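These are my notebook entries on one structure. I record what I looked up, entry by entry, with the cut-offs that apply.

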Amino acid sequence: MADKPELPLDPAGKRGVLAYLAVAAVVLLLMMLFGLAMRLAQSEWLGLEAVYFYQVMTAHGIGMVAIAALGTAAILWYFLARRVRLSTGILYANLALFLVGVVLVLAGIFIGGFAGAWTFLYPLPAKPMGIWPQWAAASYLLGVLIVGVGFLLFYLDCARAILGRYGSLGRALGWPQLFGGDASEPPPPVVIASTVVTFINLLSILAGAVILTLSLINVYVPGFTVDALLAKNLIYFFGHVFINSTIYMGVIAVYEILPRASGRPWKVSRPFLAGWSATLLMVLAVYPHHLLMDFVNPTWMHVLGQVLSYTSSLPVIAVTAVGTLANVHRSGLRWNLASGLLFLSVLGWATGVVPAVIDATIVVNKVMHNTMWVPGHFHTYLLLGVVAMILGFMAWLDEAAARGDSALDRAAFWVFAVGGFGFTALFLLSGRDSVPRRWAVHLPEWLPYDRVAACFAAAVVLAMLVFALRFLIGLKRMAAA
Ligand code: HEM
């Protein structure tokens with residue numbers, strides 16, 4: 001049985017996707033400016049008191065995670081809506097809840113002074129030692145919870161629509177073709193990736209909602225306590241799966257757009273199906289690699305965290321990287337901003353996973369975990385992977401509305417790529433030399449790293465300014481196309 005022909009995208013749905021991306025363009029730029037401010041402060045080129053540094057760090061961390069999710073959710077929705085019947089109302093409801101949640105988070109941080117990092121580690125929100133009032137922690141936690149509720153609705157709608165069309169999780173993942181010898185055409189890549197993300201994120205958001213609610217109660221009723229180890233496990237399960245899923249949503253742009261540019265359909269092979277199904281299970285159990293220093297966590301979880309770190313991300317990256325090369329090699333593809341950014345995103349993702357896997361090795365982790373090595377690896381696959389996927393999608397929509405690349409766009413691409421690799425390499429080099437992460441004030445010996453990194457970061461911000469303006473200026477044309 002061949003998959004049904006693509007459904008037309010309704011205009012309200014398209015406007016919703018553009019609204020998600022417009023918010024993403026503005027917030028990405030703003031959060032990058034916050035990141036640059038931190039690098040400048042660590043360089044001693046900007047006076048930022050420690051208490052404000054940690055507010056900016058909290059806003060940057062949670063803001064970037066949330067906006068990566070919103071931007072890549074736009075990619076998922078745009079392509080999945082052509083395969084299954086998604087609800088446009090839920091698309092808008094998620095955006096509305098997102099904006100309400102963001103206002104509460106920002107008020108908690110910048111009016112109330114909450115600075116407990118995006119990981120809101122229990123019991124820190126309720127024990128600020130006089131730095132922020134109760135309401136600030138509550139506003140932050142409630143804001144994150146509301147953003148989570150929006151995404152919960154979003155994924156419930158995806159689950160409803162996918163099950164309505166394919167009947168079961170196994171069928172949507174192509175299991176009959178993988179295991180049952182079924183010779184019919186498997187579901188398209190967008191359905192497979194969306195099914196994996198929907199399943200893992202429903203679980204991650206539920207875990208997040210539980211610990212956010214418990215922490216909220218703890219803020220106002222200190223006698224109500226939670227087991228700290230359980231709380232940490234819930235937070236890292238939620239945070240790890242949620243941020244990982246942004247890559248799995250973003251990569252849909254690679255599967256959908258590169259084939260249109262190269263003229264070669266993306267081949268859903270058996271290794272492709274096996275890779276995604278393997279990731280579905282492993283990504284849920286790999287998060288203990290964040291807790292390798294928590295000696296009270298069960299040993300079997302540490303072992304699981306290390307072993308799965310080697311295997312969890314590899315299947316999908318391998319099938320995507322090989323698939324990307326096979327798709328573009330000698331295809332006559334015309335390189336432009338969209339295809340360039342999407343190709344870069346696969347490179348950035350694959351590169352970033354290498355230092356991540358190194359850090360997930362217990363003997364290395366004991367030395368490296370609280371160093372700049374960690375922001376080094378995750379900035380590589382988030383900035384050069386996920387953000388490049390979102391920017392590539394934006395550029396493609398712009399091109400589809402008959403806008404060609406200018407010399408400025410091409411320059412911005414190279415500035416982004418070189419600046420991004422330089423900026424992340426400096427994090428890794430600092431980590432190799434044991435510069436700690438999350439320190440507002442740096443020793444004089446570390447300043448050269450910080451200063452070179454700040455210059456690369458400024459270059460990335462400039463490139464982002466060009467991409468954001470280009471997208472916002474073209475919005476009306478894109479909506480009409
Ligand atoms: C121009 C781009 C960016 C700059 C200059 C920047 C800068 C920074 C800096 C200086 C830190 C603190 C490092 C430390 O001392 O521990 C940081 C942390 C972080 N960044 Fe970025 N960043 C950028 C882009 C991104 C992107 C694209 C994402 C995700 C999509 C992201 C997510 C995070 C997260 C989650 C943290 C951890 C915050 C914490 O430790 O609580 N950043 N960033």
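Entry 1: For Arg437, I noted a polar side-chain atom 2.9 Å from an oxygen atom of the ligand.

I record the basis of these entries: this is a predicted model, in which local features need pLDDT of at least 70 and side-chain atom pairs count only at pLDDT 80 or more, while totals for chains, interfaces and linings use all residues. Residues are numbered from 1 along each chain as its sequence is written, and side-chain values use heavy atoms, with hydrogens and water left out.

**Entry 2: the shell around the ligand.** I counted as near any residue with a heavy atom within 4 Å of the molecule. The ligand has 24 residues around it, and Gln42, His60, His379, Arg437 and Arg438 come nearest. By class, I find 16 nonpolar, 5 polar and 3 charged residues in this shell. In this classification Ala, Val, Leu, Ile, Met, Phe, Trp, Tyr, Cys and Pro are nonpolar, Asp, Glu, Lys and Arg are charged, and the others, Gly among them, are polar.

Which helix gives the most to the shell? It is α1, with 6 residues. At least two shell residues come from each of α1 (11-42), α2 (50-80), α14 (373-400), α15 (407-432) and α16 (447-473). Helices (H or I, at least four residues) are DSSP runs, numbered from the N terminus.

Entry 3: Arg39 is found in helix α1, and its side chain makes a polar contact of 2.9 Å with the side chain of Gln42. At 2% relative accessibility, I class Arg39 as buried; buried means under 20% relative accessible area, exposed over 50%, and partly exposed in between (1.4 Å probe, protein chains only). Leaving aside neighbours within four places in sequence, Arg39 has contacts (heavy atoms within 4.5 Å) that include Met372, Phe423, His442 and Asp450.

Arg438 lies in the loop between α15 and α16. Arg438 is partly exposed at 31% relative accessibility, and its phi is positive, about 60°, although it is not a glycine.

**Entry 4: salt bridges.** I searched the whole structure and found 13 salt bridges, each defined as a side-chain nitrogen of Lys or Arg within 4 Å of a carboxyl oxygen of Asp or Glu. The side chains of Asp409 and Arg470 meet in one of them, at 2.6 Å from N to O. Asp409 lies in helix α15 and Arg470 in helix α16, so the pair ties together parts that are 61 residues apart in sequence. Both residues, Asp409 and Arg470, are buried. Salt bridges with shared partners join Asp398, Glu399, Asp405, Asp409, Arg470 and Arg477 into one network.

A further salt bridge pairs Lys232 with Asp294 at 2.9 Å, N to O. Lys232 is in helix α8 (residues 228-262) and Asp294 in the loop between α9 (270-285) and α10 (299-311), so the pair ties together parts 62 residues apart in sequence. Are Lys232 and Asp294 buried or exposed? Both Lys232 and Asp294 are buried.

**Entry 5: helix α12.** At 1.5 Å a residue, the 23 residues of α12 (residues 337-359) should span 33 Å, and the end C-alpha atoms are 33 Å apart, which agrees. The expected span is 1.5 Å times one less than the number of residues. Of the 23 residues, 17 are buried, so α12 is largely enclosed by the rest of the structure. Asn336 caps the N-terminal end of α12, with a side-chain oxygen 3.3 Å from the backbone nitrogen of Ala338.

**Entry 6: backbone exceptions.** Most residues other than glycine have a negative phi, and most peptide bonds are trans. I noted a cis peptide bond joining Tyr122 and Pro123, with omega about 5°. Phe120 has a positive phi near 35° and lies in the loop between α3 and α4. Phe120 is buried, with a relative accessible area of 1%.

Conventions. A polar contact is a pair of N or O atoms within 3.5 Å; within protein, one must be able to donate a hydrogen and the other to accept it, and residues adjacent in sequence count only if both atoms are side-chain atoms.
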